Amino acid sequence: EPVVASPPSRAYRFQKTVRRHKLAVTAAAAVLAALVMGLAVSTFLYLQERAAKRAALTEGFMREQAFSFLQEMLKGVGPAAARGRDTAMMREILEQTEKQMDQGLKGQPQAEALLCSTIAGIYDQLGDYPKAEEMMRKALRLVQSVVGKDDPAVTELLNGLCLILRDRGDLIGAAAANREALVRLKKLPELQQTNVARSLNNLALAQWGSGDLPGAEASFNQAALQQTRLGEKDPTKVASLLANL
């Protein structure tokens, strides 16, 4: 009979090894299966998370666009953009926006503060100074609840409050708001003190209106000096301060 014996093949060797180490091979197979399954699950979760992040970014962008549109729309209802028209509809839009803000911007105090300051500016243009002051103070409270009292955003809102109080005829309150803004500005780094000159100018206008001419003169001088020291490229800003002086 022909000889069928031959060197053991790789398949034969593998089968013999499996039979000899059945327990170890079974354990190794279980570990490998777990690794493969874990990798598959991890890959699936990663793809799912990436899709969720992409959806969140898209939603956030759309929300931001919608918010910007709303802000620009509200600015457009100001009397300057609708001179000669009845302001009743404008007031109705503002009132409806106020009612929807608490729910629509829940958990977003900075966005709500931005909208409040925009509405305050419109009420100021309409001559409703009590309402303008109310909305600006609300914006201040919202911002301070998030960033604290010494943030540049707070000084910006204090400047806005000063202008409203001045329009309302509360010159003492306007001066106090500006002094508070100046105290906070001094705590900021040099590069963030660009609003000092504007605050000093607003303070000087409030002092001038209340009859404190020496105080107004000193504040105007400080404002012009600060504007010049910062290397203001627009000479009209310095010229405006000097004209006020």
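What follows is a short walk through the fold, surface and salt bridges of this predicted model.

Numbering starts from 1 along each chain as its sequence is written. Since this is a predicted model, local features need pLDDT of at least 70 and side-chain atom pairs count only at pLDDT 80 or more, while totals for chains, interfaces and linings use all residues; side-chain values use heavy atoms, with hydrogens and water left out.

Confidence comes first. Mean pLDDT (the predictor's confidence in each residue, from 0 to 100) is 76 for the protein chain, with 77% of residues at 70 or more. Where pLDDT is low, the predicted coordinates should not be read in detail.

As for the fold, the chain has ten helices and zero strands, going by DSSP runs numbered from the N terminus (helices H or I, at least four residues; strands E, at least two). Of its 245 residues, 31% count as buried, that is, under 20% relative accessible area, with exposed meaning over 50% and partly exposed in between (1.4 Å probe, protein chains only). Among contacts with a separation of 6 or more, 55% link residues 24 or more positions apart.

Turning to the loops, lysine 186 sits between helix H7 (171–185) and helix H8 (196–209) and is exposed at 69% relative accessible area. Its C-alpha atom is 8.3 Å from that of valine 196, ten residues away along the chain.

The structure holds four salt bridges, each a side-chain nitrogen of Lys or Arg within 4 Å of a carboxyl oxygen of Asp or Glu. One of them pairs lysine 131 with glutamate 134 at 3.5 Å, N to O; both are in helix H5 (residues 129–147), three residues apart, or about one turn of the helix. Lysine 131 is partly exposed at 21%, as is glutamate 134 at 44%.

Two other bridges run between helices. Glutamate 133 meets arginine 168 at 2.3 Å, N to O; the former lies in helix H5 and the latter in helix H6 (residues 152–168), so this pair ties together parts 35 residues apart in sequence. Glutamate 133 is buried at 12% relative accessible area, whereas arginine 168 is partly exposed at 41%. Glutamate 156 and arginine 198 pair at 2.8 Å, N to O, and because they lie in helices H6 and H8, they tie together parts 42 residues apart in sequence. Salt bridges with shared partners also join Glu133, Arg137 and Arg168 into one network.

Conventions
Contact means heavy atoms within 4.5 Å.
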